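Reader: I'm new to this and I'd like to learn how to read a protein model. Could you walk me through one, feature by feature?

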Amino acid sequence: MFVYADNAATTAVSKAALDAMLPALQELYGNPSSLHQKGREANYALIAAREEIARCLNAESREIYFTGGGTEADNWAITEAARLGAEAGKKHIVSDTIEHHAVLHTLARLEKQGFEVTYLPVHDNGVVRLEELEAAIRPDTCLVTIMFSNNEIGTLQPIREIGAACRKKGVLFHTDAVQAVGHVPVDVEADNIDMLSLSGHKFHAPKGVGALYCKKSIKLKNFIEGGAQERGRRGGTEAMPGILAMAAALKESCAHLEENMAKVSAMRDRLIEGLSKIPYSRCNGDPGCRAPGIVSFCFEGIEGESLLLRLDLAGICASSGSACTSGSLDPSHVLLALGLPHEIAHGSLRLSLSEYNTMEEVDYILQQVPEVVRMLRQMSPVWSHMLENTEDPYLAMAK
Amino acid sequence: MLSFMAMEYSEKVMEHFAHPHNVGVMEDADGVGEVGNAKCGDIMRMYLKISEDEIITDVKFQTFGCASAIATSSIATDMIKGKPLSEALTLTNQAVVEALDGLPAVKVHCSVLAEQAVKAAVADYYKRKGLPYDHPCDACGEGGCCGHDHDCQDHD
Ligand SMILES: Cc1ncc(COP(=O)(O)O)c(C=O)c1O
């Protein structure tokens with residue numbers, strides 16, 4: 001059996017997305033900036049795509065800027081908010097410790113340029129505390145940037161409340177909603193969001209296309225100098241196939257949001273329940289506040305890369321926050337931020353589902369993972385040490 | 001998060017990872033060596049059965065670590081099984097890497113660990129016998145496991 005359970009890394013392109021992009025590769029080849037009929041035809045399609053994205057977020061189409069993906073949108077939003085802040089003499093930013101590197105590395109660059117960043121802790125459940133956020137906002141704070149849904153552990157932050165707190169204090173609020181858009185309801189008005197990043201390939205559009213939502217009252221400066229595309233803010237002929245596909249994919253995701261959430265959450269809960277039966281395992285992230293599709297576990301006594309590759313041999317595509325899988329010394333910053341010791345964080349596994357997965361696949365995962373964990377523990381000296389030193393009667397039985 | 005590294009592993013590495021040789025615990029070992037550290041993500045424990053005339057008659061290993069850590073342990077046990085102790089002591093991490101048809105650069109430290117594990121087990125044998133031992137690890141001199149580059153890569 002083959003199971004793709006790495007949808008937080010990327011998703012398969014949907015039929016709707018493919019059908020929408022094919023014309024842009026064929027007859028709809030005009031440049032949207034051209035005045036002739038081929039250009040106009042392309043421009044109409046571009047306008048419709050922008051309207052569709054805006055509608056799904058409850059934004060206006062002039063508030064949507066197409067980008068080359070989530071990373072670019074994060075870079076743009078944060079850099080711009082910081083520039084606007086600096087102009088007003090405000091050089092303090094509030095964020096948290098489990099952001100994606102697109103956010104963290106942009107913040108690190110700003111720190112080198114003299115900005116000060118407060119990284120809120122996320123505690124052991126991976127959720128920012130509202131009181132701590134409010135207390136962190138200072139008179140010189142220009143931006144709060146907190147992700148909507150975490151890509152490794154799937155925790156959802158209290159975005160609406162955070163947005164309200166920022167409104168009250170007059171601070172710009174950006175959210176990296178790359179893992180949220182198309183998966184949970186996102187409404188920039190109701191959620192009090194000023195800037196939002198999204199990425200097409202997380203909801204069945206192709207890679208390399210995303211968008212930045214930026215409230216119309218915010219005076220964005222040009223990010224890429226060039227032509228008049230994206231209202232002059234990001235020059236360059238539009239990536240039409242990707243943009244049209246992204247609009248179609250988001251339209252479809254939003255039309256089926258409720259039913260997809262119900263379906264995917266049910267599979268997620270079955271996975272969590274089944275994997276929790278493995279002794280010395282833990283489910284990472286808050287049990288209640290989580291994205292429908294993301295499941296993160298740590299299994300003591302084993303290392304994540306071997307777990308991953310064993311599962312790969314069994315036909316299951318997953319991912320891990322272990323150091324070995326990133327080529328770095330440390331396990332994922334997200335797992336460490338939860339307070340997990342390195343030893344345990346090395347044994348992490350992330351399974352991320354989409355509506356394309358089935359219960360049969362979940363059952364196959366639940367049959368394979370315990371088997372692979374048992375096998376790797378059998379050859380693990382760390383596990384042997386645990387057995388030798390245990391006072392736990394359950395573990396002692398496994399000797 | 002992983003997505004590209006598997007492609008960098010040779011077939012030989014994947015073969016030893018999927019079907020490791022000499023895995024397990026040896027209750028009556030004559031020498032046991034353990035190297036590495038769980039914080040860094042790999043630990044190897046090597047068990048040796050050594051005959052009167054100093055031939056390694058049996059080897060077993062246990063490894064906590066990535067695919068290459070398991071593969072290097074497995075092939076290292078193959079390379080020293082049935083060999084005189086003196087020959088096992090000449091095992092180098094380069095020889096382990098070559099036997100596996102190469103390792104990705106960030107995984108070379110695993111081969112160092114395999115060499116260290118063999119040497120630690122032999123050292124333990126000498127210690128039990130009350131004999132002097134003087135064969136530090138050629139690759140790095142001691143038990144540091146974190147020799148790989150620190151370039152974090154994110155994929156999603
Ligand atoms: C939370 C989050 N932010 C940003 C990104 C980057 O998006 P992209 O790959 O489109 O640049 C990703 C995934 O890749 C993500 O999961």
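Author: Let's start with A:Val13, which counts as partly exposed because its relative accessibility is 38%. The general idea is that buried means under 20% relative accessible area, exposed means over 50%, and partly exposed is in between, with a 1.4 Å probe and protein chains only. A:Val13 is found in the loop between β1 (3-4) and α1 (15-25) of chain A.

Author: Some ground rules: this is a predicted model, where local features need pLDDT of at least 70 and side-chain atom pairs count only at pLDDT 80 or more, while totals for chains, interfaces and linings use all residues. Residues are numbered from 1 along each chain as its sequence is written, chains are lettered from A and ligands numbered from 1 in the order in which they are written, and side-chain values use heavy atoms, leaving out hydrogens and water.

Reader: How are those helices and strands defined?

Author: They're DSSP runs numbered from the N terminus: helices are H or I with at least four residues, strands are E with at least two.

Reader: Which residues make a nonpolar surface patch with A:Val13?

Author: For a patch, take residues with over 30% relative accessible area and no salt bridge, then join like charges within 9 Å, or nonpolar side chains (Val, Leu, Ile, Met, Phe, Trp, Tyr) within 5 Å. Here, A:Val13 teams up with A:Leu18, A:Leu22 and A:Leu25 in a patch of about 320 Å².

Reader: What domains is chain A divided into?

Author: Domain bounds come from an automatic or database domain assignment. In this case domain 1 is 3-9 + 256-398, and domain 2 is 15-255. Their centres, taken over C-alpha atoms, are 30 Å apart.

Reader: How many residues of each domain are in contact?

Author: Contact means heavy atoms within 4.5 Å. By that rule, 26 residues of domain 1 touch 31 residues of domain 2. A:His256, A:Leu257 and A:His333 supply 24% of the area that domain 1 buries against domain 2, more than any other three residues.

Reader: Is A:Asp191 buried or exposed?

Author: A:Asp191 is buried, because its relative accessible area is 5%. Its salt-bridge partner is A:Arg160, the closest N and O atoms being 2.9 Å apart. At 43% relative accessibility, A:Arg160 is partly exposed.

Reader: Which residues does A:Ser348 touch?

Author: Leaving out residues up to four places away in sequence, the contacts of A:Ser348 include A:Phe297, A:Cys298 and A:Leu335. A:Ser348 lies in strand β12 (residues 348-352), and its 1% relative accessibility makes it buried.

How values were computed:
Accessible areas come from the Shrake-Rupley method with a 1.4 Å probe; for residues, only the protein chains shown count as cover. A salt bridge is a side-chain nitrogen of Lys or Arg within 4 Å of a carboxyl oxygen of Asp or Glu. Buried area is the accessible area (1.4 Å probe) that two parts lose on being put together, summed over both.
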